[in-house]
Amino acid sequence: MTPCHRPAVIRDPYPTARYDPWRDLATNWPEVAVRVIPLPGDLLGVLRYPSIALRAGTSAAQRRSTLAHEIVHLERGTQACGPGDAREEALVEAEAARRLVAAGDLARAIRELGNRAAVGAVAALLDVDTQLLRARLAGVTAAERTALEAVAGDGFTAA
Ligand SMILES: [Zn+2]
């Protein structure tokens with residue numbers, strides 16, 4: 001476990017207003033600088049405390065999703081994000097997805113677009129990237145699934 005370099009964050013991670021990672025960063029991590037630069041391979045973001053690099057040429061939704069992911073890493077005391085720990089990466093992505101996609105917003109998007117809408121269309125409506133939306137769908141709780149099934153009608157498939 002990477003040692004934590006900051007006291008535990010004491011705040012509600014699920015405020016009623018829509019989560020804004022840019023505001024979160026400015027409020028809770030003012031020392032962290034974000035740069036949008038070319039990154040090697042297929043990397044969308046790189047955390048090297050106190051710096052976060054976001055891939056140039058990506059959409060605002062991708063940068064928003066990636067920034068939320070890196071903030072969760074920061075909160076967990078990680079100073080460098082990398083592909084080495086798949087379990088940690090999945091946990092961090094799931095938490096970022098829960099913050100960015102409130103259950104009510106997901107239900108509204110499915111109601112608006114229909115149960116068989118492409119993941120990309122739902123992601124675009126929710127202003128997140130498809131990778132993060134897939135993580136959110138994979139992590140729906142039993143209660144959320146029931147609510148989504150009620151909205152989507154027959155055959156809601158969270159996958
Ligand atoms: Zn990561």
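This is a predicted model: local features need pLDDT of at least 70, side-chain atom pairs count only at pLDDT 80 or more; totals for chains, interfaces and linings use all residues.
I found an open sheet of three strands, in the order E1-E3-E2, and its pairing is mixed. I noted strand E1 (33-37) and strand E2 (45-48) as the edge strands, since each pairs on one side only. From one strand to the next, the twist averages 20°.

I wrote down two bridge partners in E3: alanine 53 for arginine 35, and leucine 54 for valine 36. As background, I noted that side chains in a regular strand alternate between the two faces of the sheet.

**E2 with E3.** Here the strands run antiparallel, joined by four bridges. I looked for the residue opposite leucine 47 and found isoleucine 52 in E3. The link from E2 to E3 is a hairpin through two residues.

**Helices.** I turned to the helix pair next. Two packed helices are described by the angle between their axes and the distance between the axes. I looked up both values for helix H1 (residues 21-28) and helix H2 (residues 60-75): the axes come within 9 Å and cross at roughly 40°. The crossing of H1 past H2 is left-handed.

**Helix contact.** Which residues make this contact? From H1 I listed Pro21, Trp22, Asp24 and Leu25, and from H2 I listed Arg64, Leu67, Ala68 and Ile71. I sorted the residues of the contact of H1 with H2 by class: six are nonpolar, two are charged and none is polar.

Technical notes:
Residues are numbered from 1 along each chain as its sequence is written. Two strands pair if DSSP finds at least two bridges between them. Axes are lines fitted to C-alpha atoms, for helices over the stretch in contact, and angles run from 0 to 180 degrees between N-to-C directions. A crossing is left-handed if the near helix is turned anticlockwise from the far one by less than a right angle, and right-handed if clockwise. Two residues are in contact if their C-beta atoms, placed from the backbone, lie within 7 Å. Ala, Val, Leu, Ile, Met, Phe, Trp, Tyr, Cys and Pro count as nonpolar, Asp, Glu, Lys and Arg as charged, and the others, Gly among them, as polar.
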